[in-house]
Amino acid sequence: MPCHRLLGPFVVAAWLGLAFIWADASSNDLSGNDAGVPTPLEAAPQLVGTPPAVPVAVPPDEPDFLRDIQPILNQHCLACHGPERDASGLRVDRWQILLEGGEYGVPAVVPGEPTASFLLQVVDGSSEDLSMPPEGHPPLTPAQVDLLRRWIAAGAPVPLEFAEAADEDPRQWWSLQPIAPFDGADPERAIDSWIEAGLRSQGLDFSPAADRVSLIRRLYLVMLGLPPTPAEVQAFVADSDPRAWERLVDRVLASPHYGERWARHWLDVVRFGETDGYETNQQRPNAWRYRDWVIDAFNRDLPYDDFVRYQIAGDVLGEPIGTSFLVGGPHDIVKSPDRLLTLTQRQDELTDMVATVGTAFLGLTIGCARCHNHKFDPIPQTDFHAMQAVFAGVRHGESVLQPAEDTSEARRALDEAWGQWQQDLLAHVATLDPATIVWPSVDATFNLEVFPPTEARLVRFTILATNASEPCLDELEIFSGGQSVGLAARGTRVTSSGDYAGNPKHRLEHLNDGRFGNDYSWISNSDGKGWVQLEWDQPQKIDRIQWSRDRSGGFADRLATDYRIEVSVDGQAWSTVASSAGRLPLGSDGPSLYDAADIGSRLRTLRQRYQELTRPTAAFCGSFGPPETIHKLFRGDPLSPQEEVGPENLSILQGLDLPANASDSERRLALANALVRPDNPLLARVIVNRLWQYHFGTGLVETASDFGRNAARPSHPELLDSLAARLMQHDWSLKQLQREILLSRTWQQSSLPRGEALQVDAGSRLLWRFPPRRLEAEIIRDQILALSGDLQHVGGGPGFSAFVVEKETVHHYHPVEDFQPEHFRRMVYQTKIRQEQDAVFGAFDCPDGTQIAPQRSRSTTPLQALNLFNSGFVQQQAERFAARLQSLVATTIDAEGSCDTRDDPDANTDAEIATAFQFCFGREPSPEEWIEVREFVAEQGLPALCRVLLNSNELLFIP
């Protein structure tokens, strides 16, 4: 926005002083006079700059912009920073750009502050990094430099017409304007109305509706990524109900395969991968959970606004796996003591998060503002670093997730059973002579110490030896009768001999916080030894202690093997109440107390059940801690920090209103809520455009992840806004919007070309037909497996690998050559290895997970044809497809019981050919095809025909 619209048409001090003097002398106000003589406000050139606090007269020798400053800029700067060339995004003929600075994000002119003005720094030699004019050009004279300095010190006044000479305000770009509300037209006709209007403006009309075979195949391939079965095709073709198509659409949207298909699109957008990338490219064993989470989100039609919020702050909102989105990109795990490398790696991590949020949700290339102001869009460098500050507490890595809430009833039942077992054990112990009791060897998951009721104000657990490393305790429970009295929540204080440093999972306060497992444990700072002590204000009468190293069963190292437990009332006199002396040696299976009655077997059952319910779930969804301080970086250099920047949204969107010291979760939650506000003009437009792209092959905006000024304009802007408004009206339901698209006349058109329409719109952007396109790699592979009958519909869980992995510091990946049933799941479940491609289908433009991929390219290369025709996988599947056809035909003949048919090989072959065409294309062969195919099968065999069909364009393209 031009400066005068922000500050008002202020005039410089010299003119203001004159105006007030003139007003006093004439006794007239500044609006004019009765004689019609123009006042100074009317006659003097209007200037803008920094208004003075009080009107003062300016000495006549102060620099004048037109007379003194503009000639200097024109002579020394304009050639490189003007309309012909705007080096570094800086123009000296545009006032607003001088104020904001160019790509470096540093204001060239700061009115009233010469030392802060970058323009003066580069011409007076005070800048250490840059000197202007460049070498080979005459420098400014000392007098010219002094003129610039005095002009800036005076507030850098310029004529109003110079301030107004600005380019189009980038904030007026179409995508940043409010979404027009839905006009209330019939939603079933809204899509077709806008498309029809565009067609008629070019003298075109819709194509006829596609035939039913093409329609059902198109629907299944686009929405499910799988072909319909011959029975499904026949049923739809024969269905005369006027609502047959509507019912079919609803059935497809409810299919569990829907999520598998649409999750793949989203995983492309967010650069999902299951390895770290870079030179080591090590695997992330639990990254697959995010893939499953996305599949489930699409299947349950999770409202898109929640889908967005969970991926930014899911750990706060009860969907912790969603935050895998933030850390899903490549991550350099090779560290170095070099400070610059360390700082650069962290900058790369934060940049990846900010850039992916920008492209995925907002359609803006925020990452372009990392080193300077965005060259095209209204995103200053400060905005980029403010977004970094939002994610400054996020780190790559796994988190341990708590068990699902639906285990609460089972947990309560288990707690009751556990309590009953303890009572039975204590009752049994009471019948024995303490001197004869042999306790079992220590166990990482649970140990019980029983002793006569003893008064104590302090309890000390001293560890003298472990099975490995520093000792670890996840919980130390102390009981008085049936009551647990050692919890921190009851005011019990805890001290220790020393604590393991630098890891939030292992803290002293975890010792009696009531939580179990390695992630809530204490570790000593001494190898093999250490002590912890619990203390009350008043003595307690205690009778047993329970302790464990890791109740969840995940870890068994660091286990105390030699220990004693002492109690004291005054802290001076101590007595031992339990120790390892009365236990069997570690790992011994000799007879012990637990062998009595059913105590031992019940304990084993309880332990197993407890571990099932409480075992933590690891997911690669990041770890979160106190946010680091973020600074604006000069030219993006981590070693050149400038002012501190607090957490904030883009300045073109709703602000976050957060204090600079806001916590990590507060920052991310505030941003998540700001992004999904109805007045954000980008969120709904971007996702609607993505849906349109995946339905028609190209979005209404061709650049799906860039809605900025350097991107394509929408082909149908009114339709885009209409769909965005409809999405929000329907509570952000993606399925509802897709249903409207699928029921439209536009989507149901034939894909056949028409000569007159091709002359006008060869790319089918106006949608005078359904644009045909080749299937993606995953769907080609899944379809082949479905046709052969090998496709394993096993959803979720760890994926299958297309590689044999050679695990060293650097992981090496060798393509699988022997394909087994475990490889026959849908390709969305194939472990996504960065920087590597599936040996067969990677050639079909699969993204490799190193960068976002909002659109798949559709190349045509010899390697694609060779892989699809000659690869061992396709040859194997062609043979299996042929065997399936032969089995189906034989089964049908046996069911019909026709001996004549059973003994006629030609009839069998014809049935196999017809069945193959039904499976692949949903139709019978044409008369011409019958002639050629019969001859081909007679010469080459049925597997060869299946191989040809699997390579046919009709199979590989959406009809």
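A contact means heavy atoms within 4.5 Å.

**Figure 1. Overview of the predicted model.** Among contacts in the protein between residues at least 6 apart in sequence, 73% join residues at least 24 apart. The secondary structure comprises 32 helices and 21 strands; helices (H or I, at least four residues) and strands (E, at least two) are DSSP runs, numbered from the N terminus. Of 959 residues, 52% are buried, that is, under 20% relative accessible area (1.4 Å probe, protein chains only). The protein exposes about 41800 Å², with carbon and sulfur atoms supplying 52% of it; areas come from the Shrake-Rupley method with a 1.4 Å probe. Local features need pLDDT of at least 70, side-chain atom pairs count only at pLDDT 80 or more, and totals for chains, interfaces and linings use all residues. Residues are numbered from 1 along each chain as its sequence is written, and side-chain values use heavy atoms, leaving out hydrogens and water.

**Figure 2. Helix α21, residues 683-696.** The helix has 14 residues. From first C-alpha to last, α21 reaches 20 Å, close to the 20 Å expected at 1.5 Å a residue; the expected span is 1.5 Å times one less than the number of residues. Because 14 of its 14 residues are buried, α21 is largely enclosed by the rest of the structure. Just after α21, G697 takes a positive phi of about 95 degrees.

**Figure 3. Strand β5 (residues 447-466) and strand β11 (residues 530-548).** The two run antiparallel, joined by 13 bridges. Strands pair if DSSP finds at least two bridges between them. V450 stands opposite R544 in β11.

**Figure 4. Strand β5 and strand β12 (residues 560-568).** This pairing is antiparallel, over 8 bridges. A465 stands opposite D562 in β12.

Technical notes
Buried means under 20% relative accessible area, exposed over 50%, partly exposed in between (1.4 Å probe, protein chains only).
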